[in-house]
Amino acid sequence: MYTQAMDTAPKEERRAVRSAEEAVLEQRFDERIDAGGSIEAKDWMPEHYRKTLVRQISQHAHSEIVGMLPEGNWATRAPTLKRKAILLAKIQDEGGHGLYLYAAAETLGTSRDQMIDALHSGKAKYSSIFNYPTLSWADIGVIGWLVDGAAIMNQVPLTRCSYAPYARAMVRICREESFHQRQGFDALLVMMRDGTEAQRAVVQDAVNRWWWPSLMMFGPPDSESPNSAQSMRWGIKRISNDDLRQKFVDATVLQARVLGVTMPDPLLRWNEERGHHDFGPIDWAEFWRVVGGHGPCNRERLAARVRAWDEGAWVRDAATAFARKQAMKEQSMKEQAA
Amino acid sequence: MNSSTISTELPKTETTAEWPKTETTAEWPKTETTAEWPLWEVFVRAKAGLDHKHCGSLHATDARMAVQLAREVYTRRQEGVSVWVVKSIDITASDPGDKDMYFDPMEDKVYRHPGFYELPDSVNHM
Amino acid sequence: MTSASGSIHLEVTPPLQYRLRIADTCLIHAQRLAEWCGHGPVLEEDIALTNMALDLIGQARALLTQAGSLAGQPGGEKPSEDELAFLRDERQFFNLTLVELPLRKASVHAPGGDFADTVLRNFLLAGWLKALWSRLLSSNDEELAAIAGKALKEARYHQRHAADWVMRLGDGTGESAARLRAALERAWPYTAEMFQRDEVDAHAEAAGLGPARDALRAEWQIEVAAVFAEARLDLPADTPFISTGTRGVHSEHMGFILAEMQVLQRSYPGGAW
């Protein structure tokens, strides 16, 4: 999910193993992975493993941070005080999750500034779903239900990721995530069950706009994701794109029935033989357009992050300058006392 | 804090911050943005009777900010929770675990991070 | 209960107005703070500001719920916290005008604020709320005293956090000091309203409900002066300017704040959320 573009990117050049010592290290590394063991920050690891993780974890972090924006769009318009508090807490959780993930990535030799630089320059990506606009309050509910639902499916397997700092961050995230999807679903249920005709129409409209982009969250089909194999070999990725997507469809169709909404897919139907729901073709052209920077909100999202960062530079500088002055004062006082 | 007896002139706004010379931290590499706030490791004890557990890191300019932010981020300000913060670079680590898997026997930092390493003289302007 | 336009109209008594002054100040300040969500200068601080907004919403909800149970409406039911927040008209909001001023977003007719405006306002307001809550601990109204007990802890935390930032900006760089001075010039005239005394204050004081606003000035001034000294800020001179939000007459910003905040409840009358 956070490697949507990486799955199909040309394989990075693998540096030929230089020494017999490295060959031994790599073998032990592979043995530990195959035995289901954990890799910690200071363990030897192939450079490609490290680089893949830095990209995936940082893109996961960027997704959380950018993900604050579509929901933040409605923070000042939430319809009740309870919903306002729930939404703010959710957005705050996402900020916190981004922070845990940046922290995990920093154990691999990158810094927060470097990662943010990569995001702002367009080198690093974030999940394509956040490039869609939130046009009504129902969108907020649908994001909780579908988008967080999809994210949770992806995140639970990551709690068993071979790289332990990432796995531990995911455990923490999953623990906090549990209320997000429930709250989104609950908001929609109230509108569908107890709301007005107008409210029901707004909910259905939101589902119509978010369904297909949610399916695209799981990335390209397995047949077009050659790099997935290496990630799965390394215990970074546990379940394939298509399998996760299918799992998501099966779970969500049942939930939709409870809500009383329909999915905008005439080909969506239960297949008795397969034991799963069939669904219609995904418009991959749209997916690649959005991943490539040409979705509805790509420019705005990135601009908002860049602006927040740039306009905050004087604040960060001031804090740094103040800390430096305090440290010098303390040092000087120590010297005088000595 | 009492009024200081040192006269410090307000530093010009620069794009990189210089750390006091008594510290052993390396200067951050110049990027378009300014010097990064130092990294701190956070340890939290959920309730009395338990140990402090390492739960992650955050960026802050000084210990006071680090503790406050750690409470905001890692405990959501729950009462009764104890928080320790340590500058990542001040932690000395050794991991004898599996010597065959060890990154570098001479390495005594918690993990690899651009801020933990001395830069070559050509880049280090201090 | 609701009029044709969707608004509710309260019969405003002094004890009701006294409570709404505090509730609305917390609510509108939280509304402004929420604008920073996702746009803060540093991620950790974004989370801290949202925490503060959540605390304030909690305080507003507790006060509005209580106020609702006291509010008599001709003919009927007691308004809920949400009806009070989303269906009152501007003239029946009683927050300090200070909290209406821009904190981040610019609007068509006014430039935005910046982080200096934000930390300064947080500091000035938290100090005021702290002084207020600490005296409300001994209110004759037990429920109000209980609300104050929890809110006081939060106000202390907010004040500490904001004071640290005021000092950082005041004694940071040349730019941060200049921005902080400018923010102070903008905010200071609106602090006079925090310490006015009118018939609503007099009523609360006489009834043992809570302190009159002018009783809060001395403590607040001392704390503010101490932090300003560390921050190398001079106290601006007082002027005859008095804002009047606490009397229901607001700045031009309030209309826009309420339009945004109340839009959904007004667009979907009878809706379920």
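This is a predicted model: local features need pLDDT of at least 70, side-chain atom pairs count only at pLDDT 80 or more; totals for chains, interfaces and linings use all residues.
The side of chain C that touches chain A draws at least two residues from each of helix 1 (14-33), helix 2 (43-70), helix 3 (81-87), helix 4 (115-136), helix 5 (142-170), helix 6 (174-187) and helix 9 (253-267) of chain C. Helices here are DSSP runs (H or I, at least four residues), numbered from the N terminus. Helix 2 of chain C gives the most to this side, with 11 residues. By type, the residues of the side of chain C that touches chain A comprise 25 nonpolar, 12 polar and 13 charged; Ala, Val, Leu, Ile, Met, Phe, Trp, Tyr, Cys and Pro count as nonpolar, Asp, Glu, Lys and Arg as charged, and the others, Gly among them, as polar.

In the interface, 50 residues of chain C are in contact (heavy atoms within 4.5 Å) with 50 residues of chain A. The buried area between the two chains is about 4000 Å², and carbon and sulfur atoms give 70% of it; this quantity is the accessible area (1.4 Å probe) that two parts lose on being put together, summed over both. Three salt bridges are counted between chain C and chain A, a salt bridge being a side-chain nitrogen of Lys or Arg within 4 Å of a carboxyl oxygen of Asp or Glu. R112(A) and E44(C) meet in a salt bridge through their side chains, at 2.6 Å from N to O.

Over all chains, the whole structure holds 42 salt bridges. In chain C, R179(C) pairs with D114(C), with the closest N and O atoms 3.0 Å apart. This pair links distant parts of the chain, since R179(C) lies in helix 6 and D114(C) in the loop between helix 3 and helix 4, 65 residues apart. R179(C) is partly exposed at 29% relative accessible area, whereas D114(C) is buried at 12%; buried means under 20%, exposed over 50%, and partly exposed in between (1.4 Å probe, protein chains only). R179(C) also forms a salt bridge with E175(C), at 3.1 Å between the closest N and O atoms. R179(C) and E175(C) are four residues apart in helix 6 of chain C, about one turn of the helix.

L216(C) occupies the loop between helix 7 (199-207) and helix 8 (217-230) of chain C and is buried, with a relative accessible area of 0%. Beyond its neighbours within four places in sequence, L216(C) is in contact with W128(C), A131(C), L132(C), R135(C), F195(C) and P211(C). L216(C) and R135(C) are 81 residues apart along the chain, and their C-alpha atoms are separated by 9.0 Å.

Technical notes:
Residues are numbered from 1 along each chain as its sequence is written. Chains are lettered from A and ligands numbered from 1 in the order in which they are written. Side-chain values use heavy atoms; hydrogens and water are left out.
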